[in-house]
Amino acid sequence: MAPRNAEQEKEILEWVFAVLDDAVPEGDFADILKNGVILCKLMNKIAPNSIPKFKEKGPAFLLMENVQSFVTAAKKYGVPDEEVFQTPDLFEARNIPQVVVCLFALGRTTQKHPEYEGPAIGPKMATKNERNFTEEQILAGRNSQISLQAGSNKGASQAGHGGMGNTRHM
């Protein structure tokens, strides 16, 4: 498990509350997000009605359902499975860095959705850059030799280098 990175946690909290158009509360990253209410509000702001019902208060098992609802909605929105966290990672603070990874992935994924107009976070997503070469260009590339592959060593040799493990005689 990767160590926690306070700078990344601060950056992701600032993004979350910028999307929600709210002030960042004081406190620990995990404690702020633990009950899943903020995550559900975030998901509903990014993709309206993606989590129609969630609990604001209640016993632990009901609040854990909030976190699970967020994870399910994030996957449906397009966050890759390998970047999503498990409910105990956040609720029991088992793997907070994975929660940060998931939120960064969610921020990146919003760039693929033209209907999202909120603040962005993370690098710009790559777009397809297809190239079309003629058959003539493909053959010219295949049959040519790149100068670095020509094998010239400009007179250098291994003469006097002895075998592996031998001492150097001065």
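Which residues does Phe 70 touch, not counting residues up to four places away in sequence? In this predicted model, Phe 70 touches Leu 39, Met 43, Ile 51, Phe 85, Cys 102, Leu 103 and Leu 106, where contact denotes heavy atoms within 4.5 Å. The structure is a predicted model, in which local features need pLDDT of at least 70, side-chain atom pairs count only at pLDDT 80 or more, and totals for chains, interfaces and linings use all residues. Residues are numbered from 1 along each chain as its sequence is written, and side-chain values use heavy atoms, with hydrogens and water left out.

The secondary structure of the chain consists of seven helices and zero strands, and from the N terminus on the elements run α-α-α-α-α-α-α. Helices (H or I, at least four residues) and strands (E, at least two) are DSSP runs, numbered from the N terminus. Of the 170 residues of the chain, 33% are buried; buried means under 20% relative accessible area, exposed over 50%, and partly exposed in between (1.4 Å probe, protein chains only). The accessible surface of the chain amounts to about 12,000 Å², with 51% of this belonging to carbon and sulfur atoms. These areas come from the Shrake-Rupley method with a 1.4 Å probe, and for residues only the protein chains shown count as cover. Among contacts between residues at least 6 apart in sequence, 51% join residues at least 24 apart.

The largest nonpolar core has 41 residues, and those with the most contacts inside it are Trp 15 and Phe 70. Such a core is a set of buried Ala, Val, Leu, Ile, Met, Phe, Trp, Tyr and Cys residues joined through side-chain atoms within 4.5 Å. At least two residues of this core are supplied by each of helix H1 (6-19), helix H2 (29-33), H3, helix H4 (60-77), helix H5 (87-91) and helix H6 (96-109). The most is given by H6, with eight residues.

Helix H1 has 14 residues and reaches 20 Å from its first C-alpha to its last, close to the 20 Å expected at 1.5 Å a residue; the expected span is 1.5 Å times one less than the number of residues. The buried residues in H1 are Glu 9, Ile 12, Leu 13, Trp 15, Val 16, Phe 17 and Val 19. An α-helix has 3.6 residues a turn, so residues three or four places apart point the same way. The buried residues of H1 pack against H2, H3 and H6. Asp 21, which follows H1, has a positive phi, near 55°.

Asn 44 is found in helix H3 (residues 37-46). Its side chain reaches the backbone nitrogen of Ser 50 at 3.2 Å. Leaving aside neighbours within four places in sequence, Asn 44 is in contact with Asn 49, Ser 50, Ile 51 and Phe 54. Asn 49 lies in the loop between H3 and H4 and is exposed, with a relative accessible area of 65%. Although Asn 49 is not a glycine, its phi is positive, about 60°. Most residues other than glycine have a negative phi, and most peptide bonds are trans. Pro 59 also lies in the loop between H3 and H4 and is partly exposed at 39% relative accessibility. Pro 59 and Asn 35 are 24 residues apart in sequence and 9.9 Å apart in space, C-alpha to C-alpha.

In the loop between H5 and H6 is Ala 93, which has a positive phi near 55°. Ala 93 is partly exposed, with a relative accessible area of 44%. Thr 109 is placed in helix H6 and is buried at 5% relative accessibility. The side chain of Thr 109 reaches the backbone oxygen of Ala 105 at 2.6 Å. Not counting residues up to four places away in sequence, Thr 109 touches Tyr 77, Gly 78 and Val 79.

Cys 40 is buried at 0% relative accessibility, and Cys 102 is buried with a relative accessible area of 0%. With a disulfide taken as a pair of cysteine sulfur atoms within 2.5 Å, the count comes to zero disulfides.

Key: Polar contact = N/O pair within 3.5 Å; in protein donor to acceptor, adjacent residues only side chain to side chain.
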